[in-house]
Amino acid sequence: MLRTITALLLLLLTASTAMAAESSSDTHHKAGMKAFAVEDYLKTAEELDASLKLHPDAKTALYLGNAYLKLGQLGKALLLQKDLCFVG
């Protein structure tokens, strides 16, 4: 009985941790997209990079790459483009 309770508690803890990371990723993604809309590409890059580290996503990587292009960071943009070939 104790093992069952322990296993359930671990399962709940794991699920809540994953949900928190997803929520944090979504928060960063939304902030990055708002920054992109007002052409604040430095803020865009910071937020979308944080989002991408928590939850890899092709759309986020695409916008992050565009922000890097706008910032003149061509090397970072190219690396993301190469990575997109494997994410998509």
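## Helix 2 and its buried face

In helix 2, the buried residues are Tyr-41, Thr-44, Ala-45, Glu-47, Leu-48, Ser-51 and Leu-52. An α-helix has 3.6 residues a turn, so residues three or four places apart point the same way.

A polar atom of the Thr-44 side chain lies 3.4 Å from the backbone oxygen of Gly-32. When residues up to four places away in sequence are not counted, Thr-44 touches Gly-32, Ala-35, Phe-36 and Ala-67.

## Overall fold and confidence

The structure is a predicted model, and its secondary structure comes to four helices and zero strands, which gives the pattern α-α-α-α when read along the sequence. Of the 88 residues in the protein, 23% are buried. Among contacts between residues at least 6 apart in sequence, 36% join residues at least 24 apart.

The mean pLDDT of the protein is 83, and 77% of its residues reach 70 or more. Confidence is highest in helix 2, at a mean of 95, and lowest in helix 1, at 75. Where pLDDT is low, the predicted coordinates should not be read in detail.

## The nonpolar core

Which residues make up the largest nonpolar core? There are eight of them, namely Ala-45, Leu-48, Leu-52, Ala-61, Leu-64, Tyr-68, Ala-77 and Leu-80, and at least two residues of this core come from each of helix 2, helix 3 (58–70) and helix 4 (74–87). In soluble globular proteins, nonpolar side chains tend to be buried together.

Leaving aside neighbours within four places in sequence, Ala-61 is in contact with Leu-52, Leu-80 and Leu-84. Tyr-68, found in helix 3, is buried with a relative accessible area of 9%, and its contacts, with neighbours within four places in sequence again left aside, are Ala-45, Asp-49, Gln-73, Lys-76, Ala-77 and Leu-80. The C-alpha atoms of Tyr-68 and Tyr-41 are 7.5 Å apart in space, although the two residues are 27 residues apart in sequence.

## The aromatic cluster

The rings of Phe-36, Tyr-41 and Tyr-63 are linked by ring pairs into a cluster, and the count of aromatic pairs in the model comes to two. For Phe-36 and Tyr-41, the ring centres are 5.4 Å apart and the planes stand at 75°, so this pair is edge-to-face; the cut-off for that class is an angle over 60 degrees. The pair of Phe-36 and Tyr-63 is also edge-to-face, with 5.2 Å centre to centre and 90° between the planes. Because Phe-36 lies in helix 1 (residues 2–37) and Tyr-63 in helix 3, the latter pair ties together parts that are 27 residues apart in sequence.

His-29 lies in helix 1 and counts as buried, because its relative accessibility is 17%. The side chains of His-29 and Thr-60 are joined by a polar contact of 3.0 Å. Not counting residues up to four places away in sequence, His-29 touches Leu-48 and Ser-51 as well as Thr-60, and both Leu-48 and Ser-51 are among the buried residues of helix 2.

Lys-76, in helix 4, is partly exposed, with a relative accessible area of 45%. Lys-76 and Gly-65 are eleven residues apart in sequence, and their C-alpha atoms are 7.2 Å apart in space. Lys-76 is also one of the residues in contact with Tyr-68, which is itself part of the largest nonpolar core.

Terms used. Residues are numbered from 1 along each chain as its sequence is written. This is a predicted model: local features need pLDDT of at least 70, side-chain atom pairs count only at pLDDT 80 or more; totals for chains, interfaces and linings use all residues. Side-chain values use heavy atoms; hydrogens and water are left out. A polar contact is a pair of N or O atoms within 3.5 Å; within protein, one must be able to donate a hydrogen and the other to accept it, and residues adjacent in sequence count only if both atoms are side-chain atoms. Contact means heavy atoms within 4.5 Å. A nonpolar core is a set of buried Ala, Val, Leu, Ile, Met, Phe, Trp, Tyr and Cys residues joined through side-chain atoms within 4.5 Å. Buried means under 20% relative accessible area, exposed over 50%, partly exposed in between (1.4 Å probe, protein chains only). Rings of Phe, Tyr and Trp (its six-membered ring) pair if their centres lie within 6.5 Å; planes under 30 degrees apart count as stacked, over 60 as edge-to-face and the rest as tilted. pLDDT is the predictor's confidence in each residue, from 0 to 100.
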